Amino acid sequence: MMARSTALDVARDGETAIPFIMSTERTAGFKDLVGRWDEARHRAAMADGRHAYFIARADGEPIGFAILRDWASPERVTLVKRIAVARPGLGYGRTLLGKIVAAAFQETNAWRLWLGVFPENLRAQKSYAAVGFQPEGVARGSAFFGGVHRDELTMALLRPEWEARKQA
């Protein structure tokens with residue numbers, strides 16, 4: 001099922017979005033795929049100057065979020081740390097990802113956006129690939145979730161690749 005034709009607005013947000021973010025992180029089935037932080041960790045990330053928080057809204061209601069780490073870093077490399085929608089399967093996630101990718105490349109001088117995805121999360125990989133992310137390899141044991149080290153597939157999108165997709 002695809003998202004209805006409602007426009008999706010995506011903008012940077014702050015501490016008032018924490019309850020929505022935490023609620024979304026706690027959606028059934030997300031614990032092992034998305035991860036979750038407590039309120040103190042979100043507040044610390046928002047205050048550290050390295051993280052950018054985005055909220056997606058449809059008809060004024062929050063429907064998803066994204067957290068990017070190393071926003072506007074001097075190394076010009078930004079991590080899509082976390083992205084999730086409250087109601088998956090409606091097409092909002094891919095739209096949200098496309099908009100945060102555009103924001104990163106338009107608002108900063110980022111050269112590379114990257115993310116880690118669990119190899120078994122084929123649905124997410126398909127969405128990332130649809131926006132232009134390419135698989136680079138498996139980082140063994142790089143994620144620590146629920147007391148267990150897990151492998152992550154690293155995927156990345158470079159500025160020239162994004163620019164070429166924009167022109168197409």
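## Pocket lining, ring contacts and confidence

By class, the lining of the largest pocket comprises 24 nonpolar, 9 polar and 12 charged residues. Here Ala, Val, Leu, Ile, Met, Phe, Trp, Tyr, Cys and Pro count as nonpolar, Asp, Glu, Lys and Arg as charged, and the others, Gly among them, as polar.

This is a predicted model, in which local features need pLDDT of at least 70 and side-chain atom pairs pLDDT 80 or more, while totals for chains, interfaces and linings use all residues. Residues are numbered from 1 along each chain as its sequence is written, and side-chain values use heavy atoms, without hydrogens and water.

The largest pocket has a volume of about 1,200 Å³. A pocket is an open set of points on a 1 Å grid where a 1.4 Å probe fits, with protein on both sides within 12 Å along at least five of seven lines; lining residues have an atom within 4 Å of a point. Of its 45 lining residues, Leu-33, Val-34, Ile-83, Asn-121 and Tyr-128 are the closest to the centre. Strand 4 gives the most to this lining, with 7 residues.

Two arginines lie over aromatic rings. The criterion is that CZ of Arg is within 6 Å of the ring centre and within 35 degrees of the ring normal.

| Arginine | Ring | Distance from ring centre |
|---|---|---|
| Arg-82 | Trp-37 | 4.6 Å |
| Arg-150 | Phe-118 | 3.5 Å |

The mean pLDDT (the predictor's confidence in each residue, from 0 to 100) of the chain is 91, and 96% of its residues reach 70 or more. Over residues 1–5, pLDDT stays under 50. Where pLDDT is low, the predicted coordinates should not be read in detail.

Note on methods
Points joined across faces, edges and corners; volume = space filled by probe spheres on them. Helix = DSSP H or I, 4+ residues; strand = E, 2+ residues; numbered from the N terminus. Contact = heavy atoms within 4.5 Å.
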